[in-house]
Amino acid sequence: MKKIYVVLLIILLTPVAVYAWNDCPYGLLNDPFPGQCPRYTDTNHDSICDHSQSPTSASTNNTQNLNNNSNENNNSNNSSSDIQKDNSVPSENYYLIPVAVSTTIIYLVTYLLYLENMLKKKIFYKIWNYVLIASFILTGLTGLIMIIIVNYGIGSSWNLTIDFWHAEFAIIMAVSTIIHFHLYWKPLKKVFTG
Amino acid sequence: MTYDLITISIPLILTYCASYILYRKNHIKRSLHIRLWNILILITFLVSAGAGLTLISLVEYGIALPISQTLLYWHIEFGIAMFWIAIFHIHSYWKYPQKQDPKESSSKKEPSNKKSAGNKGRKVN
């Protein structure tokens with residue numbers, strides 16, 4: 001029965017993970033100016049919300065714009081360099097739902113393998129302990145670096161990148177910690193019940 | 001705004017050392033030493049991760065609240081504490097032999113009787 005629940009959870013969560021990569025929280029496609037929500041952003045100036053566009057369609061539209069505006073070479077050069085800058089700098093989107101759901105799906109798959117006796121208990125526990133330790137080390141180190149940056153007022157182009165990866169590893173760490181609670185549920189209960 | 005990296009780290013390290021020495025000298029039980037730090041790691045995790053996830057959600061949806069800065073401050077302060085307590089947690093369980101349930105040896109013979117990970121698969125009925 002437990003296996004059926006795990007399989008059902010994987011089936012239910014997979015579309016969420018896939019759909020969540022589409023950036024728009026309302027699932028809008030090619031949302032025109034001024035947009036239907038307060039998150040409207042237009043970095044490539046095509047009057048369509050970037051969140052409602054897939055990266056490929058955004059670049060296609062941009063290429064079309066560049067071809068159409070042949071007499072505005074300087075402007076188009078500027079916009080393409082802006083786009084390159086945007087690609088190199090992490091966005092404000094931290095992929096909270098996709099990263100969290102993907103980690104949960106991977107856990108459920110390994111849990112299913114464990115229930116099916118295809119994965120030894122020791123290995124199953126080790127995998128998730130290592131995931132937790134690795135994500136903790138990376139979150140902790142990036143966090144400490146950011147504290148030092150803030151405390152000493154160090155400004156560099158890496159600040160946003162470190163912030164982005166701190167958030168990504170922290171999401172994995174938070175999910176792994178909840179998984180850790182699930183794996184060690186009995187000892188955890190003992191902490192409070194004695 | 002600066003964050004209290006040193007003023008949080010040093011007292012925590014000293015407290016852990018004191019607790020560890022007390023346990024090693026048999027003044028307190030290992031279970032008490034472990035329980036104390038397990039409760040602390042749980043509290044710091046709940047505050048730090050809760051504030052962090054709230055902040056990420058606010059940023060993702062472009063919401064700026066007046067409490068965001070306070071939230072960030074406490075996320076970092078509790079995060080510093082959690083960082084050290086997590087290291088203590090790893091130290092506490094590093095190569096520490098886990099209690100082996102006598103029934104578990106029978107589970108190795110009969111893997112089909114294995115219980116869920118939520119129950120740690122220790123007890124076999």
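This is a predicted model: local features need pLDDT of at least 70, side-chain atom pairs count only at pLDDT 80 or more; totals for chains, interfaces and linings use all residues.
1. Residues are numbered from 1 along each chain, and chains are lettered from A.

2. Start with helix H7 (residues 185-193) of chain A, which packs on helix H2 (residues 30-60) of chain B at about 105 degrees, axes 10 Å apart. H7(A) and H2(B) are therefore roughly perpendicular (65 to 115 degrees).

3. Who touches whom there? From H7(A) come Lys190(A), Val191(A) and Phe192(A), and from H2(B) come Arg35(B), Asn38(B), Ile39(B) and Leu42(B); contact means heavy atoms within 4.5 Å. By class, that contact has four nonpolar, one polar and two charged residues.

4. Next up is helix H6 (residues 159-183) of chain A, which packs on H2(B) at about 135 degrees, with axes 11 Å apart.

5. On the H6(A) side, Ala167(A), Ile171(A), Ala174(A), Thr177(A) and Phe181(A) meet Leu42(B), Phe45(B) and Ile56(B) of H2(B). The tally here is seven nonpolar, one polar and no charged residues. Leu42(B) also belongs to the contact with H7(A).

6. Finally, have a look at Ser48(B), which sits in helix H2 of chain B. Ser48(B) is buried, at 5% relative accessible area (buried means under 20%). Beyond its neighbours within four places in sequence, Ser48(B) is in contact with His75(B), Phe78(B), Gly79(B) and Met82(B).

Key
Side-chain values use heavy atoms; hydrogens and water are left out. Axes are lines fitted to C-alpha atoms, for helices over the stretch in contact, and angles run from 0 to 180 degrees between N-to-C directions. Helices (H or I, at least four residues) and strands (E, at least two) are DSSP runs, numbered from the N terminus. Angles under 35 degrees count as roughly parallel, over 145 as roughly antiparallel, 65 to 115 as roughly perpendicular and the rest as oblique. Ala, Val, Leu, Ile, Met, Phe, Trp, Tyr, Cys and Pro count as nonpolar, Asp, Glu, Lys and Arg as charged, and the others, Gly among them, as polar. Buried means under 20% relative accessible area, exposed over 50%, partly exposed in between (1.4 Å probe, protein chains only).
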